[in-house]
Each structure stands twice: as C-alpha cells, then as structure tokens.
Amino acid sequence: MVRVDIESVVMTSGPMPMPSVVVLRERKGDGTKDAPARVLSIQTGAYEAAAIGHGIDFSRQSDRPLAHDLVLRLVKELGAKVGRIEINRWESPVFYADVVFDRGGEDAEFRIDARPSDALALAVRANAPIYVEDDVMNRAGKAVGKSDSKDEIERFDEFVQTLSPDDF
C-alpha cells in the first residue's frame, strides 16, 4: 500500500454536469526522495467532490450534519473510529475502496466496501490516513515532479472548460 494525501479537488461547474476530479499524491518517505512522486486522479460527481471539499474546509461547517458527518458521528457513538481508507482495486474506469474501522481490542478491525469518494469524504472528516494499493497506483497513476503537478492541474482545468456535453 502507498500512503497518499489529497492534493486537490477540481470541481467543475456549468449548465451541464461534468465529472469533477480528486487528485491524490503519493507521500514520499525516506529512501524514495529521488523517485518522482506519483499522482492518481479519480473522477467523481460534483456533489461527491463538494462533500470532500467541505470536509477539508473546516471553516464551512454547516448548522446541520451532512451525510458523511452523520456517518462519522454514528461510528464514534458505536465505539469505533475510521482507521484508514484503502483504494484497493481499479477496473477502468471504476475505482473501489474500503473504509477500515477500528473498534479497539481483539478482532478490532473491520472493513466496509465504499465508493472512493465517500471513503475520502470520511477520511478528511476523521483525519484518517489514505492508502492506495501499489498495483492500482502503478496501473492508474502517473509519475510527476512537484512542479509538473500544478501545471498539469491548470492544463486539465483549461481542458475541462473547453468541453461540451457532446464530448461525452
């Protein structure tokens, strides 16, 4: 498994719904400083991207709990916590993930299948680590340098702005 962080959430807007993108960047540990970091882009819907973004931006707390806030509160009330997120499979173009919960004690971990967008929305709210299966990162990810990533996101954003519904 490869530890990743959410680098950016690119949300689209316009009269027609278009996919948004969550960009995950590999964390670099000791001994891998010279290798370029890999990024993984996962397309998601606008609502799902907004849920992830809302969880990242703690200044935008709503008066009432949203769905992911509710799930997290239920998990805590039941004596568990979100231990980690694992994006563990890719069958192009679909990614699969598990939310790994920890309830302490023996046989403490249990996992629940989830859409990556829901898993990521929980992870940002619970401050849980995010992992990607190495095989998934190798097949679906892309190696980029630090300066490449920002340029790539800007180019992608410009590209998305030129799309029309007929392109899909």
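This is a predicted model: local features need pLDDT of at least 70, side-chain atom pairs count only at pLDDT 80 or more; totals for chains, interfaces and linings use all residues.
Two strands are said to pair if DSSP finds at least two bridges between them. S1 covers residues 2-10 and is joined to S7 by three bridges, with the two strands running antiparallel.

Now step back to the whole sheet. It is an open sheet of eight strands, in the order S6-S5-S4-S7-S1-S2-S3-S8, and its pairing is mixed. At the edges stand S6 (109-114) and S8 (142-144); each has a single partner strand, so one side of each is left without a neighbour in the sheet. On average, neighbouring strands are turned by 35 degrees against each other, direction ignored.

Helices come next. Helix H1, residues 46-56, lies across S1, S2 (20-26) and S3 (37-44), and runs at about 110 degrees to S1. H3 also packs on the sheet, where it touches S1, S2, S3, S4, S5, S6 and S7. The direction of H3 makes about 35 degrees with that of S5.

Finally, let us visit two spots in the loops. Most residues other than glycine have a negative phi, and most peptide bonds are trans. Asn127, in the loop between H3 (116-126) and S7 (130-132), has a positive phi near 55 degrees. Asn127 is also exposed, since its relative accessible area is 69% and exposed means over 50%. The other spot is the peptide bond between Ser92 and Pro93, which is cis with omega about 5 degrees. Pro93 sits in the loop between S4 (81-91) and S5 (94-102).

Note on methods
Residues are numbered from 1 along each chain as its sequence is written. Side-chain values use heavy atoms; hydrogens and water are left out. Helices (H or I, at least four residues) and strands (E, at least two) are DSSP runs, numbered from the N terminus. Buried means under 20% relative accessible area, exposed over 50%, partly exposed in between (1.4 Å probe, protein chains only). Axes are lines fitted to C-alpha atoms, for helices over the stretch in contact, and angles run from 0 to 180 degrees between N-to-C directions. Contact means heavy atoms within 4.5 Å.
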